[in-house]
Amino acid sequence: MKLFLPKQHGAWAMLIIPFWLGVIEGGFVWQDVPFFIGWIFLYLATYPMLLLFKKKKIQFYTKWTIIYIIPALLLLLFPLLKRPSIVLFGLLMLPFFAINAYYTSKNKDRAFMNDLSAIFAFSIAGLASCYLGQGALTNQMLIFPFLTSVLFFMGCTFYVKTMIREKKSNLFKWISWAYHLLIVAAWFFSGFWIVAIAYIPSLLRAYFFYGKKLTPLQIGVYEIVNSAIIFIILAIQIVTLN
């Protein structure tokens, strides 16, 4: 049986980076392993679940939702049994899921607000993995991994739009360039110079790649490299602060 998998390859970075930054910040516990695998299955389940709102191929999408949601729920029992209050983070994700469902039903999957909603939902997972290890949230935990992840993936959204769907829009070009520059400057002036360095590759690729004839595959490969760079540098920042 051929697996039914999401086509949004960039979402895998959002699936991985906030979660494991949260683990680094909160401290590793063995429940993080089933938690992460369950989180993957939950993501896989939400893909066909959202497509149900298009009201097409109902039986097919229902089948794959069930196939993925069952192992997801079983695996997510491990973090839930360790810290029952972690369910609150799941509840925080629900409004963003509702927003995604709305845009899916309107066939506006590429809308900016839809992307933004997904970014917040994925970043909340980083708070959850952080909370699992610590049992509490601090201001630093809200910065790492939540804020850093939100800001990074928002930049990715602006950049990808300037390279594909909005590549002829001067407005999006200047929004993307200004956003990336301001983020780097803001981290420097806040005293988090290591974090600022982590965002510099994003700034450089937003400026120098603009207007280049890159294929979606090339854009995706470069984003994988950029995601790996920012994850490593942010992990170093977290470790130095702790």
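User: How are helix axes and the angles between them defined here?

Analyst: Axes are lines fitted to C-alpha atoms, for helices over the stretch in contact, and angles run from 0 to 180 degrees between N-to-C directions. This is a predicted model, in which local features need pLDDT of at least 70, side-chain atom pairs count only at pLDDT 80 or more, and totals for chains, interfaces and linings use all residues. Residues are numbered from 1 along each chain as its sequence is written, and side-chain values use heavy atoms, with hydrogens and water left out.

User: Why are α6 and α7 called roughly antiparallel?

Analyst: Helix α6 (residues 139-163) and helix α7 (residues 170-189) pack at about 155 degrees, with axes 8 Å apart. Angles under 35 degrees count as roughly parallel, over 145 as roughly antiparallel, 65 to 115 as roughly perpendicular and the rest as oblique. The two helices are therefore roughly antiparallel to each other.

User: What makes up the contact of α6 with α7, by class?

Analyst: Contact means heavy atoms within 4.5 Å. Among the residues that make the contact are L147 and F158 of α6 and Y179 and W187 of α7. By class, the contact has 12 nonpolar, 5 polar and 2 charged residues. Here Ala, Val, Leu, Ile, Met, Phe, Trp, Tyr, Cys and Pro count as nonpolar, Asp, Glu, Lys and Arg as charged, and the others, Gly among them, as polar.

User: Why are α1 and α5 described as roughly parallel?

Analyst: The axes of α1 and helix α5 (residues 112-134) cross at roughly 25 degrees and come within 7 Å. α1 and α5 are therefore roughly parallel to each other.

User: Why is the pair of F4 and W64 called tilted?

Analyst: Rings of Phe, Tyr and Trp (its six-membered ring) pair if their centres lie within 6.5 Å; planes under 30 degrees apart count as stacked, over 60 as edge-to-face and the rest as tilted. The ring centres of F4 and W64 are 6.4 Å apart and the planes stand at 40 degrees, so the pair is tilted. F4 lies in the segment before α1 and W64 in helix α3 (residues 58-82), 60 residues apart.

User: What kind of aromatic pair do F144 and F192 form?

Analyst: The pair of F144 and F192 is edge-to-face, with 5.8 Å centre to centre and 75 degrees between the planes.

User: Why does F144 count as buried, and why does F192 count as partly exposed?

Analyst: Buried means under 20% relative accessible area, exposed over 50%, and partly exposed in between (1.4 Å probe, protein chains only). F144 has 1% relative accessibility and therefore counts as buried. F192 has 21%, so F192 counts as partly exposed.

Note on methods. Helices (H or I, at least four residues) and strands (E, at least two) are DSSP runs, numbered from the N terminus.
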